[in-house]
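Dear colleague,

I am handing over the structure we spoke about, shown just below with its sequence. After it you will find a written account of what turned up when it was examined.

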Amino acid sequence: MPKQPITRANDTAKRSPEQVLTLAVDVGGTGIKAQTLDADGKPVNERKRIPTPKKATPQEVIDVIKQLASDCVPFSRASVGFPGVIKDGVVYTAANLGKGWVGYELEAALKKTLRCPVRIANDADVQGMGSVQGSGIEMVITLGTGVGSVIFVEGHRVHLELAHHPFHRGKTYEEELGVRALEKKGKKKWNQMLAEALSDLAQTFNYDRLYIGGGNTKYIKIDLPSNVKIVSNLVGLLGGIKLWTGVGTPPLSPAARVRTLSRAAADGRQKAQKSESDSKSGLEAAQSAPSKS
């Protein structure tokens, strides 16, 4: 007799489309989390978590996901947030995991293991899908083992890899804001670097809203601007439903990415020009005002 899939996909035939359940998985550098969600993105079981194996290989991660899946309410499809660059279900980078990831067809491997349709995206992208409003320029960064980043323009997502870009005195964002920097330099210095990073990102991308997620948000002590919001780490799971139904799916084509980022830059220049014009007008008004003796 053939093995029944652990997802019990045959059971979903009895459900209406509104009742289709999604396994949402968040692969992190220190922990892998999973939870079954209903069609509205509401959890139908408690979140399950297993520590990420040290220097985890593809098979080790798949084994953990399989175990988590068996502990969750049966589902008919799965969404996975992964800490690295993902294109067409293939892993291109996995800086905070072990060897064997580059070129690995993770989506296909999980389809085979879970015996159901699977969609995979970068973990910051998935967190963003669960956070953004879908209008204007919105940015998401995640602070955990590493640093994740993504930008959305009118709901269209463009994945970024700011983590490995130069940031402060020759060091990258991840070198100054990742968990190793937090542990080595302490919370005070880490918060100072975060404040500097937020200032840099605001000037570079001129976002309307910025969302900060990830496990290390609990250490944020600085006052945040009104358009910057900390979002729950659970959003990384709840955003998994959007891989199937909502904001940010599918990602933009390369040509569209260029147009989107060009628009963001143009919006930024307009804001800067308006600010400069307002400042100049204010200065001229002040100079022409009669002096009081």
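**The cavity and its lining**

The lining of the largest cavity is made up of nine nonpolar residues, with no polar and no charged ones. Please bear in mind throughout that this is a predicted model. A search of the whole structure finds one cavity of 30 Å³ or more, and the volume of the largest cavity comes to about 50 Å³. Its lining consists of I141, L143, V147, L162, Y173, L177, L194, A197 and L201, and the elements that contribute two or more residues to it are β8, α4 (173–177) and α6. Of these, α6 gives the most, with three residues.

**The sheet and the helix across it**

The helix α6, which spans residues 187–205, also lies across β8, β9, β10 and β13 (209–213), and it runs at about 155° to β8. Those strands belong to an open sheet of five, in the order β10-β9-β8-β13-β14, with mixed pairing. Because β10 and β14 (228–230) stand at the edges with a single partner strand each, one side of each is left without a neighbour in the sheet. From one strand to the next, the twist averages 20°. Within this sheet, β8 and β9 run antiparallel and are joined by seven bridges, and E138 stands opposite F152 in β9.

**The largest pocket**

The largest pocket, with a volume of about 630 Å³, is lined by 39 residues, of which G28, G29, D123, G144 and T145 lie nearest its centre. The elements that give two or more residues to this lining are β1 (22–27), β2 (31–37), α3 (123–129), β8 (137–143), β9 (147–153) and β10 (156–160), and β9 gives the most, with three residues.

**Aromatic pairs**

The count of aromatic pairs, taking rings whose centres lie within 6.5 Å, comes to three. One of them joins F82 and W101, whose ring centres are 5.0 Å apart and whose planes stand at 50°, so the pair is tilted. Because F82 lies in strand β4 (residues 77–82) and W101 in the loop between β6 (90–91) and α2 (106–114), the pair ties together parts that are 19 residues apart in sequence.

With best wishes

Key: Residues are numbered from 1 along each chain as its sequence is written. This is a predicted model: local features need pLDDT of at least 70, side-chain atom pairs count only at pLDDT 80 or more; totals for chains, interfaces and linings use all residues. Side-chain values use heavy atoms; hydrogens and water are left out. On a 1 Å grid over the protein atoms alone, a cavity is a set of points where a 1.4 Å probe fits but cannot get out, and a pocket is an open set with protein on both sides within 12 Å along at least five of seven lines; lining residues have an atom within 4 Å of a point. Grid points are joined across faces, edges and corners, and a volume is the space filled by probe spheres set on the points. Helices (H or I, at least four residues) and strands (E, at least two) are DSSP runs, numbered from the N terminus. Two strands pair if DSSP finds at least two bridges between them. Axes are lines fitted to C-alpha atoms, for helices over the stretch in contact, and angles run from 0 to 180 degrees between N-to-C directions. Contact means heavy atoms within 4.5 Å. Rings of Phe, Tyr and Trp (its six-membered ring) pair if their centres lie within 6.5 Å; planes under 30 degrees apart count as stacked, over 60 as edge-to-face and the rest as tilted. Ala, Val, Leu, Ile, Met, Phe, Trp, Tyr, Cys and Pro count as nonpolar, Asp, Glu, Lys and Arg as charged, and the others, Gly among them, as polar.
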